[in-house]
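These are my notebook entries on a single structure, shown below. I record what I looked up and the terms I used.

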Amino acid sequence: MIVTEIADYTKTKVKVCLDNRTDFQLYKKEINKYNIVEGEEITNYDEILNETLIPRAKKRAIHLIEKMDRTESDLRRKLIKNGYPKEAIDEAISYVKSYNYVNDKRYACMYVRNYRDSRTMNRISDDMYRKGIDKELIMYALAEEYTTDEEDLIDTFIRKRNYNKDTATMKERDKMFRFLAGKGFELDMIRRHLTSTL
């Protein structure tokens with residue numbers, strides 16, 4: 001592998017780019033320690049990976065999940081953003097999973113419990129999908145944890161927003177419609193609750 005670029009990343013760190021599209025960050029003083037020279041072959045990548053990058057990626061992963069529970073996909077995105085190469089990220093994720101610090105099934109169930117009284121099943125499902133949770137886990141968590149009656153939930157939102165279907169203007173109705181659609185309610189349900197007698 002050839003070092004194609006060594007670029008300043010922060011005051012103390014540099015980004016090292018290799019010709020195989022692998023990038024990683026090191027402290028500036030480590031460039032000399034590992035004898036990395038732009039335009040030359042890097043012969044000690046495995047040493048750098050095992051001695052420096054993997055241990056740092058593990059520590060960073062632990063630090064990220066100390067602050068809040070995360071999905072595997074979210075943790076992977078954060079580590080990529082922090083400049084770790086794929087091999088170090090894979091090792092770090094395996095490490096935290098081995099201690100059950102990252103568990104998408106647990107995360108999905110907790111997420112449903114936290115939001116079932118304020119979001120529809122559709123909205124919760126979409127949110128979890130965007131967080132990188134597998135569809136099967138989403139379906140499992142919803143089946144296990146979602147106990148909300150969405151007819152009651154939509155009524156609660158309408159009451160809290162002081163919406164009166166008998167006196168609402170078209171503008172107020174449209175605004176409430178958009179609000180409820182954003183919460184994930186089915187369009188037919190919204191129409192029924194905003195325009196008919198309950």
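**Entry 1: a surface patch**

I located Y101 in the loop between α4 (86–98) and α5 (104–115); helices (H or I, at least four residues) and strands (E, at least two) are DSSP runs, numbered from the N terminus. The model is a predicted one, in which local features need pLDDT of at least 70 and side-chain atom pairs count only at pLDDT 80 or more, while totals for chains, interfaces and linings use all residues. Residues are numbered from 1 along each chain as its sequence is written, and side-chain values use heavy atoms, with hydrogens and water left out.

I then looked up the exposure of Y101, which is partly exposed at a relative accessible area of 40%. On this scale, buried means under 20% relative accessible area, exposed over 50%, and partly exposed in between (1.4 Å probe, protein chains only). Y101 forms a nonpolar surface patch with Y95 and Y99, and together they have about 310 Å² of accessible area. Patches are made of residues with over 30% relative accessible area and no salt bridge; like charges are joined within 9 Å, and nonpolar side chains (Val, Leu, Ile, Met, Phe, Trp, Tyr) within 5 Å. The areas come from the Shrake-Rupley method with a 1.4 Å probe, and for residues only the protein chains shown count as cover.

**Entry 2: salt bridges**

I noted that side chains of opposite charge can pair when their charged atoms come close. How many salt bridges does a search of the whole structure find? The search finds 18, a salt bridge being a side-chain nitrogen of Lys or Arg within 4 Å of a carboxyl oxygen of Asp or Glu.

I looked up E51 and K33, whose closest N and O atoms are 3.4 Å apart in a salt bridge. E51 lies in helix α2 (residues 45–67) and K33 in helix α1 (residues 28–33), so this pair ties together parts that are 18 residues apart in sequence. E51 is partly exposed at 40% relative accessible area, whereas K33 is exposed at 54%.

I next looked up the salt bridge of D90 with R76, where the closest N and O atoms are 2.8 Å apart. D90 is in helix α4 and R76 in helix α3 (residues 72–81), 14 residues apart, and the pair links distant parts of the chain. Relative accessibility is 25% for D90, which counts as partly exposed; R76 is also partly exposed, at 26%. Both residues belong to a network of salt bridges that links E72, R76, K86, D90 and K97.

I also found a salt bridge between E145 and R113, with 3.1 Å between the closest N and O atoms. E145 lies in helix α7 (residues 135–145) and R113 in helix α5, so the pair ties together parts that are 32 residues apart in sequence. Is E145 buried or exposed? E145 counts as buried, at 16% relative accessibility, while R113 counts as partly exposed at 37%.

**Entry 3: backbone angles in two loops**

I looked up R21, which has a positive phi of about 70° although it is not a glycine. R21 lies in the loop between β2 (13–18) and β3 (23–27) and counts as exposed at 80% relative accessibility. N35, likewise not a glycine, has a positive phi of about 55°. I placed N35 in the loop between α1 and α2; N35 is exposed, with a relative accessible area of 63%.
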